[in-house]
Amino acid sequence: MKAQSSIEYIVMVGLLLLFLTPMIYYAFERYSNDLRYNTATDAVNTVAKAADTVYALGPGTKKTVRVVIPSGVQNFTINDNELTLKLQIYASTSDFVAKTKAELKENTPLPTKKGTYHIPIEMLDSGEVQIG
């Protein structure tokens with residue numbers, strides 16, 4: 001009788017694990033994608049907000065911002081007064097866009113590899129805000 005109850009217990013635990021494993025995997029994937037989504041949004045908004053701050057304070061103003069870039073970034077570009085980060089997420093490519101009041105100028109390419117970066121931002125005498 002003891003052996004039978006032990007086998008039943010092992011079977012029950014096995015079935016429980018069989019059902020829980022896909023749910024745990026899905027939850028982990030969802031959490032990972034949500035974290036990358038929030039990190040990308042924060043990266044774009046941090047740079048845009050700093051550019052607006054530097055623009056408001058006038059020529060000669062400099063600021064360095066700390067930005068965390070998530071994995072899966074395809075590119076991070078500047079076009080006129082718009083920052084765009086393209087991220088491979090949720091089985092497709094999503095654009096994260098932030099607009100600024102200032103005309104933006106890219107000094108060095110913005111980072112696309114996962115990691116933490118310090119990005120210099122400066123208001124130029126020409127009226128443009130230089131990023132990178």
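Let's start in a loop. Alanine 91 sits in the loop between β3 and β4. Its phi angle is positive, at about 65°, although alanine 91 is not a glycine. Is alanine 91 buried or exposed? Its relative accessibility is 78%, so it counts as exposed, the cut-off being over 50%.

Before I go on, one caution. What you see above is a predicted model.

There is a second residue of this kind. Aspartate 80 lies in the loop between β2, residues 73-79, and β3, residues 82-89. Its phi is near 55°. That is again a positive value in a residue other than glycine. How accessible is aspartate 80? The figure is 48%, so aspartate 80 counts as partly exposed.

Now step back to the whole chain. How many helices and strands does the protein have? There are one helix and seven strands. Read along the sequence, the order is α-β-β-β-β-β-β-β.

What about the overall shape? The C-alpha trace spans about 90 × 25 × 20 Å along its principal axes. The radius of gyration is 23 Å. A compact globule of 132 residues would have a value near 14 Å.

Next, the surface. The accessible surface comes to about 8600 Å². Carbon and sulfur atoms own 58% of that. Of the 132 residues, 30% count as buried.

And the charges? The protein carries 13 positive and 13 negative side chains. The centres of those two sets lie 7 Å apart.

Let's look at one residue of the helix. Valine 44 is in helix α1. Its relative accessibility is 1%, so it counts as buried, well inside the cut-off of under 20%. Which residues does valine 44 touch, leaving out those up to four places away in sequence? They are Phe76, Leu83, Leu85, Phe96, Val97 and Ala98. Now compare a position along the chain. Leucine 16 is 28 residues from valine 44. Their C-alpha atoms are separated by 43 Å.

Phe96 was in that list of contacts. It comes up again with the aromatic rings. The structure holds one aromatic pair. The partners are tyrosine 37 and phenylalanine 96, and the pair is edge-to-face. The ring centres are 5.1 Å apart, with 65° between the planes. Where do the two partners sit? Tyrosine 37 is in helix α1, residues 2-57, and phenylalanine 96 is in strand β4, residues 92-99. They are 59 residues apart, so the pair links distant parts of the chain.

Are the two partners buried or exposed? Tyrosine 37 is partly exposed, with a relative accessible area of 37%. Phenylalanine 96 is buried, at 7%.

One last stop, at the other end of the pattern. Glutamine 130 is in strand β7, residues 128-131. Its relative accessibility is 14%, so glutamine 130 counts as buried. What does glutamine 130 touch, again leaving out residues up to four places away in sequence? The list is Lys105, Asn107, Pro120, Ile121, Glu122 and Leu124.

To sum up: one helix, seven strands, and one aromatic pair that links helix α1 to strand β4. Thank you.

Definitions and conventions:
Residues are numbered from 1 along each chain as its sequence is written. This is a predicted model: local features need pLDDT of at least 70, side-chain atom pairs count only at pLDDT 80 or more; totals for chains, interfaces and linings use all residues. Side-chain values use heavy atoms; hydrogens and water are left out. Helices (H or I, at least four residues) and strands (E, at least two) are DSSP runs, numbered from the N terminus. The radius of gyration is taken over C-alpha atoms; the globule rule is 2.2 Å times the number of residues to the power 0.38. Buried means under 20% relative accessible area, exposed over 50%, partly exposed in between (1.4 Å probe, protein chains only). Accessible areas come from the Shrake-Rupley method with a 1.4 Å probe; for residues, only the protein chains shown count as cover. Lys and Arg count as positive and Asp and Glu as negative; His and the chain ends are not counted. The place of a charge is taken as NZ of Lys, CZ of Arg, CG of Asp or CD of Glu. Rings of Phe, Tyr and Trp (its six-membered ring) pair if their centres lie within 6.5 Å; planes under 30 degrees apart count as stacked, over 60 as edge-to-face and the rest as tilted. Contact means heavy atoms within 4.5 Å.
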